[in-house]
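I opened the model to look up a few residues and elements one at a time. My notes follow.

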Amino acid sequence: MGPSGVSDHIDRILHSQTFASKPQLRKLMGILAKNMDSQSVLSPELIIKELWPDEIRTKRSADVATEMNRLRHALKSYYDGEGANDPITITLPNRAATGGDGTHERPWIVAGPRERTLEAELNYGQQAHATSGVRPTPLWIRPLFLAGGGVGIIIIVGVLAFLFRPTLPAPRVTGSTQVTHDGRDKERLVTDGPRIYYSSYPDINPRLYQVPTTGGDAVPVNTSIPGTFVFDISHDRSELLVGSCYVGRTTSECPLWIMPALGRPPRRLGNISASDATWSPDGERLAYINGNNLNTATSGGDEPLKIVSGTAGETLSWPRWSPDGRRLRFSASTQSNGTSLWEVSTNGGDLHALLSGWNTPPSECCGSWTPDGRYFLFQSNRGGNTNVWAIREDRSILRKTSYQPVQLTVGPTSAGNVVPGTDSRKLYVITARSGELVRYDSASQEFAPYLSGMSATGVNFSSDGKWITYATYPEHTLWRSRVDGSERLQLTFPPLYAMQPRWSPDGTRIAFMALEPNKPWNLYVVSINGGSLEKPVPGEHGGQDPNWSPDGNQLLFGHRPNEEAPGAGTLHLEIVDLRSHSVSKVPGSDETWSARWSRDGRHILACPRAADRLMLFDVTTQKWTELAKVHASYPEWSRDGDYVYFLVQSKNTPATVILRVRIKDHKVEQAASLRNFKQPTVDWGGWAGLAPDDSPILLREAGTPEIYALDWDAP
């Protein structure tokens with residue numbers, strides 16, 4: 001067996017599907033293979049130095065032994081599956097064994113001819129026949145003749161039955177039932193069988209609700225815990241794990257509580273606070289997220305142990321224990337790399353990404369195992385739509401099995417937050433609130449779907465009208481594409497919440513406002529080709545509503561009234577120079593916000609704190625005048641700069657009309673009626689914009705968040 005054949009075989013293993021999600025084992029295999037033919041001794045210390053260069057002081061020979069055992073199991077999985085036909089086998093001898101003189105250890109890695117199965121032998125015979133012209137008698141046939149034809153036939157039939165066994169059907173959804181009908185926002189589901197518990201936000205604080213799994217009216221669950229947000233339910237379905245996530249708490253994490261489902265008093269779970277948490281299958285341990293760390297502790301909150309630390313700017317969420325309690329899976333989100341699923345051993349080892357390279361950029365989240373452990377369910381966003389997927393977890397001896405993700409839900413409405421029922425025959429999901437982009441036609445005085453009716457807000461056009469940028473609704477991720485929808489590119493990722501994007505005058509950059517968890521609104525600039533996000537305003541200065549200067553060298557911005565106290569002198573308009581990053585205040589702009597810079601740079605539009613007027617600033621004269629006395633929101637300059645369009649909308653009141661005001665004489669007139677038009681709530685009420693021909697565009701409500709029960713066939 002030549003060295004090149006072994007090398008090719010090892011390379012095949014390293015690029016196999018079995019090793020695709022095991023970067024640590026790929027690295028170890030490469031280290032061992034590199035030293036196969038070396039006469040020098042490859043000590044555990046040298047392996048530690050190459051495998052864990054940053055942890056040399058903490059790793060020991062026992063860690064090497066653990067990784068070697070994991071590599072043995074992975075190789076077995078490879079040869080049992082996709083490597084079944086390989087003529088070479090790689091083995092890792094037991095390091096406890098010695099050589100003939102009892103002094104020398106056996107090699108780390110050995111390559112040799114494979115002990116052939118029927119399938120491998122047939123493949124080997126075909127290869128030999130192709131090269132020699134004579135088909136050899138397979139080795140496995142010879143003893144059969146000696147043992148007797150009858151026994152041989154039985155064995156052959158059995159082996160053939162195994163090799164040609166039928167394929168296990170893919171899981172599929174067979175029906176659905178709507179459980180809720182209230183249109184209320186919903187987050188995080190758990191079920192005890194007859195009931196579903198979920199959290200919602202009737203105001204600024206979350207509240208716990210319950211609804212029968214068969215459907216009906218949802219009712220609030222009365223509890224003394226303020227801001228109740230549900231995280232998990234115990235294995236015996238008798239207790240809820242909840243967080244006290246009330247506004248005004250001193251930490252970003254929520255104090256954890258155990259809340260009995262049958263009305264007994266709740267009790268505090270030690271001193272633990274978390275942004276997410278879950279119980280182990282046996283109820284003996286807890287996994288929770290604190291800061292950007294995944295930790296475990298006893299069920300009483302004692303013996304905390306850090307398992308994984310997220311990188312800078314990374315947000316961890318949705319921890320879940322494997323059914324055997326030996327692994328944890330969780331979601332990790334960054335602003336630039338999307339959201340992905342990860343797995344780690346409960347001792348902190350074997351950290352690796354699931355589904356690496358399956359979706360680019362990754363957008364997978366929020367996974368859960370079915371109670372029987374056969375499937376792992378998760379949600380994935382592709383093309384701006386979120387759906388539920390399943391991965392087969394266990395192996396079937398009697399059926400061939402695919403371990404590729406299978407899509408379960410399909411449709412125009414996104415579905416996620418999937419939770420399996422207690423018997424694994426039902427799935428419960430939350431459909432997303434969705435909208436339909438529409439354009440007002442002044443001739444027919446009707447709204448019609450626009451840009452394929454996509455669910456998006458903050459739609460803004462490039463100066464040549466060929467490109468658009470927008471924030472998807474309700475996810476609020478930033479995208480750009482051509483007007484016909486081609487060449488779509490996602491520019492931001494959760495947990496960043498993006499709004500109000502604006503094309504630069506030269507069409508190379510996009511400015512927008514966005515919100516990070518537990519931080520104020522801030523300004524960002526990103527290339528239209530994607531990449532890292534730039535914060536143009538230094539420090540944590542904050543800001544909102546960015547507007548480009550005509551030359552593209554400056555951004556005008558303001559601040560949000562509810563983040564700036566009256567009389568504090570901090571609610572005003574500012575301009576940041578993108579070259580020097582210096583910030584200057586717009587003269588006379590105290591107590592104003594919602595800034596808009598005209599295309600020619602001659603005027604700045606703004607609203608006072610109460611948003612009961614539109615004010616106009618003349619950049620040349622440095623003077624302010626009242627443009628219109630009206631409750632206005634989302635003002636937009638017309639393409640020629642002669643008009644300003646805006647929604648007429650006061651606080652907590654749906655918009656009723658779109659007006660426009662002429663700059664030269666301050667004349668106000670109606671642009672579109674919104675009678676019987678239902679807008680989804682975006683932020684600060686409904687949103688409105690303008691198409692390149694100055695016709696109003698809005699987002700019309702197309703779907704509300706509801707819980708659905710899915711019947712599914714999970715063979």
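Entry 1, Glu-564. Not counting residues up to four places away in sequence, I find that Glu-564 touches His-559, Thr-570, Leu-571 and Arg-609. I keep in mind that this is a predicted model. Glu-564 sits in the loop between strand E36 (554-558) and strand E37 (574-577). Is Glu-564 buried or exposed? Glu-564 is buried, and it has no salt bridge. I looked for the nearest side chain of opposite charge and found Arg-609, 7.1 Å away. A salt bridge would need a side-chain nitrogen of Lys or Arg within 4 Å of a carboxyl oxygen of Asp or Glu.

I placed Ala-606 in strand E40, residues 603-608. Its relative accessibility is 0%, so I put Ala-606 down as buried. Leaving aside neighbours within four places in sequence, I noted its contacts, among them Leu-573, Trp-593, Leu-614 and Trp-624. I also checked Gly-558, which is 48 residues from Ala-606 along the chain; their C-alpha atoms are separated by 9.1 Å.

How do strand E26 (residues 434-441) and strand E27 (residues 446-449) run? They run antiparallel, and four bridges join them. In this pair, Val-438 stands opposite Pro-449 of E27. The two strands form a hairpin with four residues between them. In the turn, Gln-445 has a positive phi of about 60 degrees.

I compared the span of H4 (residues 61-80) with what its 20 residues should give at 1.5 Å a residue. The buried residues of H4 include Val-64, Glu-67, Leu-71 and Tyr-78.

Note on methods
Residues numbered from 1 in each chain as written. Predicted model: local features only at pLDDT ≥ 70, side-chain atom pairs only at ≥ 80, totals over all residues. Heavy atoms only, no water. Buried < 20%, exposed > 50% of the residue type's maximum accessible area, 1.4 Å probe, protein only. Contact = heavy atoms within 4.5 Å. Expected span 1.5 Å × (residues − 1). Lys, Arg positive; Asp, Glu negative; His and termini not counted. Pairing = 2+ DSSP bridges.
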